Structure formats: structure tokens, C-alpha cells
Amino acid sequence: MSGSFEKSVKGGTKIKLAAPKSKYVEHILVATHAGDAGVAEVFRTLQHRLRDSTWTIVFKALIIVHLMIREGEPNVTLKFLGDAPSKMAISNFSDGM
């Protein structure tokens, strides 16, 4: 299943100014049911998307994280972030100015 979540994250965080498509979001939420390996794969790709210079990609990546916490398997995403807080460390982010 390696790479399948990566494809969904990239599809769900496209540059287009529109909400992430549900087909991508639903597949990403499956990762929260697949355990730590699935969530880790999603966050590996999200890390790159969160550091993109295009604001729509970063915003959609944050939406994906929010949806994983809110609608995914309870506490799986929060546990992952608690165990590896550097995955969402925002100290390296800037507004590009």
C-alpha cells in the first residue's frame, strides 16, 4: 500500500483554489484506521506540502490534518503528533516576506 496515501495527499492538496476532493480525503482518513504506518506515510507527504511556497497547498494540508483529527479514528492522529511533534513544528514556517 506504500505510495497510495502519498497520491491521495498530493491529490487532496492540489494548487487549485477549491476544497480538497472528498475521494482524496476519504482515502486519507482510511490511514487513521490503518494504524501508525498509514498515518506516518500521510505525514511524510504532508511535511513537504506544508513547506510549499504556494499558500493554497499549505492551507489544504492544514485542512487535511484538521480532518484527520476531527473525522479520523479517534486519537490516532493526535497520538502520532504527540509522539513526533516535529512533524507539525511550525517554527520553520514563514509568511514568505
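Modeller: Here it is, and please keep in mind that this is a predicted model. Let us begin with a definition: rings of Phe, Tyr and Trp pair if their centres lie within 6.5 Å, taking the six-membered ring for Trp. A search of the whole structure on this basis finds 2 aromatic pairs.

Biologist: Why is the pair of Phe43 and Phe80 called stacked?

Modeller: Their ring centres lie 5.2 Å apart and their planes are at 25° to each other; planes under 30 degrees apart count as stacked, so the label applies. This pair links distant parts of the chain, with Phe43 in helix 3 and Phe80 in helix 5, 37 residues apart.

Biologist: What makes Phe43 and Phe80 count as buried?

Modeller: Buried means under 20% relative accessible area. Phe43 has 0% relative accessibility, so Phe43 counts as buried, and Phe80, at 11%, therefore counts as buried too.

Biologist: Why is the pair of Trp55 and Phe59 called tilted instead?

Modeller: The angle between their planes is 50°, and because stacked requires under 30 degrees and edge-to-face over 60, the label that remains is tilted. Trp55 and Phe59 both lie in helix 4, 4 residues apart, which is about one turn of the helix.

How values were computed:
Residues are numbered from 1 along each chain as its sequence is written. This is a predicted model: local features need pLDDT of at least 70, side-chain atom pairs count only at pLDDT 80 or more; totals for chains, interfaces and linings use all residues. Side-chain values use heavy atoms; hydrogens and water are left out. Helices (H or I, at least four residues) and strands (E, at least two) are DSSP runs, numbered from the N terminus. Buried means under 20% relative accessible area, exposed over 50%, partly exposed in between (1.4 Å probe, protein chains only).
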